[in-house]
Amino acid sequence: MSKLNNDVYQALANQLIEVRRNLHREPELANEEFKTTQKIREWLTNANIHILDLPLKTGLIAEIGQGTGPIVAIRCDIDALPIEEQTGLPFASEIAGKMHACGHDFHTATILGAALLLKERESELIGKVRVLFQPAEETGHGARSVLDSGGLADVNAIFGIHNSPFLNTGVFGTRSGALTASVDRFEITVTGVGAHAATPEHGVDAIVTAAQIVTALQTIVSRQNTTTEPLVLSVTRINGGFTWNVLPEKVELEGTVRTYNEELRAQIPIQMTRIIEGIAAAAGAQAQLHWYPGPAATINDGEWADFTKEIATQFGYEVLDIPPQMGGEDFSFYLQHIPGAFVNIGAGPAHALHHPRFDVDEAAILPAAKYFALLAEQALVKLNKNNNGF
């Protein structure tokens with residue numbers, strides 16, 4: 001990696017902090033990141049970094065390097081969340097109801113910094129680095145649009161970043177195998193027969209039926225599947241009724257299911273359907289499950305996960321083998337096609353992700369940028385040495 005003097009590094013640190021704050025002031029939601037994409041395009045163009053011509057509505061992929069050889073990708077996400085910011089920061093969101101509450105502004109500044117550092121050494125790279133600024137991670141489907149664009153078709157290894165508010169600055173964490181869980185959403189519609197609350201015998205109580213369904217669904221975790229496989233089933237929304245003295249005709253339930261096991265994941269909607277239809281039939285009601293599959297579990301390639309930890313140790317991070325997390329990440333779509341690893345960079349302590357007072361330690365940006373530049377460069381070295389997959 002380049003050995004710039006301290007003044008140049010300090011100037012770069014200040015530049016990346018300003019990039020992060022610029023993005024933080026003007027957050028954009030998934031698939032609406034037009035202004036964010038334009039800013040990134042301008043920053044890359046000013047650094048004479050080539051941007052690929054791809055059919056992406058928002059987000060982009062840049063490329064650094066020349067000639068033939070392996071290709072490594074480094075990825076950040078650029079979208080924000082529909083959350084009203086409560087940090088009180090001088091650069092807090094200026095867009096009502098929108099906030100970078102997951103640190104994607106931190107990720108973008110970091111990977112932009114890595115791109116600038118790699119550009120300085122472009123003539124020395126033995127291969128190419130694709131720098132991916134991905135849209136719509138928060139919807140769980142942005143990665144699919146990137147894969148569909150063809151921009152990663154010939155990539156040999158890919159690496160992604162997420163900040164962690166639970167790791168102090170200077171701490172690095174990842175693991176081989178499952179790092180984050182699959183993310184599926186469900187809705188259940190329970191239909192009974194409306195009636196006056198004083199004469200429930202003239203109707204079919206959708207609320208009582210829905211309540212029984214909520215309770216019974218927990219037996220999927222506690223009684224229908226092995227206790228050795230982590231599984232979460234959470235009902236997070238109940239909506240039914242419009243006044244105090246009427247039994248409503250319909251009740252809606254919504255929630256999520258998380259697991260690391262694909263075989264188990266495939267069984268859950270089958271088990272849920274059996275429960276909800278059985279309970280509804282016993283009550284004389286009807287119930288229907290609507291299942292919305294999201295990203296699969298993020299499964300790090302063991303060799304590349306170990307490699308990221310090796311480079312992190314060389315770089316000077318405190319390296320942890322962290323436990324798997326029940327949160328989700330659409331980086332999993334890339335890992336289904338390209339070997340690589342997803343890593344956590346400490347930027348805390350701070351409020352949890354998606355909290356209205358969430359913030360990051362900006363002192364973590366420059367080290368993370370230097371790390372990802374080094375990781376990409378050394379991954380090219382490894383691929384060339386192994387003649388692996390190109």
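Which residues does UniProt list for "domain: Peptidase M20 dimerisation"? The unreviewed entry gives residues 185–277; UniProt positions are stated in the numbering used here, feature names are shortened, and annotations may be inferred rather than shown by experiment. This is a predicted model, in which local features need pLDDT of at least 70 and side-chain atom pairs count only at pLDDT 80 or more, while totals for chains, interfaces and linings use all residues. Residues are numbered from 1 along each chain as its sequence is written, and side-chain values use heavy atoms, with hydrogens and water left out.

**Annotated span and helix α6**

- Residues 185–277 are 35% helix and 33% strand, and the end C-alpha atoms of the span lie 18 Å apart. Helices (H or I, at least four residues) and strands (E, at least two) are DSSP runs numbered from the N terminus.
- Helix α6 covers residues 262–283 and has 22 residues. At 1.5 Å a residue α6 should span 32 Å, and its end C-alpha atoms are 33 Å apart, which agrees. The expected span is 1.5 Å times one less than the number of residues in the helix.
- α6 bends by about 25 degrees at I268, and the proline P269 follows within four residues. The bend at a residue is the angle between axes fitted to the seven residues ending there and the seven starting there.
- At the start of α6, a side-chain oxygen of N261 comes to within 2.8 Å of the backbone nitrogen of E263.
- After α6 comes G284, with a positive phi near 80 degrees.
- The buried residues of α6 are L264, R265, I268, P269, Q271, M272, I275, I276, I279 and A280. Buried means under 20% relative accessible area, exposed over 50%, and partly exposed in between (1.4 Å probe, protein chains only).
- An α-helix has 3.6 residues a turn, so residues three or four places apart point the same way.
- These buried residues of α6 pack against β8 (184–191), α5 (206–222), β10 (231–240), β12 (250–259) and β13 (286–293). Contact means heavy atoms within 4.5 Å.

**The eight-stranded sheet**

- Eight strands form an open sheet with mixed pairing, in the order β1-β2-β4-β3-β5-β16-β6-β15. Its edge strands, β1 (50–51) and β15 (318–321), each pair on one side only. Two strands pair if DSSP finds at least two bridges between them.
- Strands of a sheet pair through backbone hydrogen bonds, either parallel or antiparallel.
- Strands β3 (residues 71–77) and β5 (residues 157–168) run parallel and are joined by four bridges. V72 has A157 in β5 as its bridge partner, and I74 stands opposite F159 in β5.
- β5 also pairs in the parallel sense with β16 (residues 340–348), over eight bridges. Here the bridge partner of I158 is G340 in β16.
- Ten of the twelve residues of β5 are buried, so the strand is mostly covered.

**R75 in strand β3**

- R75 is found in strand β3 and is buried, with a relative accessible area of 0%.
- The side chains of R75 and E329 are joined by a polar contact of 2.7 Å. A polar contact is a pair of N or O atoms within 3.5 Å; within protein, one must be able to donate a hydrogen and the other to accept it, and residues adjacent in sequence count only if both atoms are side-chain atoms.
- Leaving out residues up to four places away in sequence, R75 touches I111, L132, Q134, E137, F159, G160, I161, E329, D330, F331, Y334 and F342.

**Backbone geometry in loops**

- The peptide bond from G348 to P349 is cis, with omega near 10 degrees. P349 is found in the loop between β16 and α9.
- H354 lies in the loop between β16 and α9. Its phi is positive, near 75 degrees, in a residue other than glycine, and H354 is partly exposed at a relative accessible area of 39%.
- A136 is not a glycine, yet has a positive phi of about 55 degrees. A136 sits in the loop between β4 (128–134) and α4 (142–149) and is buried, with a relative accessible area of 1%.

**Sequence separation and distance**

- E94, in the loop between β3 and α3 (104–120), counts as exposed at 57% relative accessibility. E94 and R25 are 69 residues apart in sequence and 5.3 Å apart in space, C-alpha to C-alpha.
- A373, in helix α9 (residues 365–386), is buried, with a relative accessible area of 1%. A373 and R274 are 99 residues apart in sequence and 51 Å apart in space, C-alpha to C-alpha.
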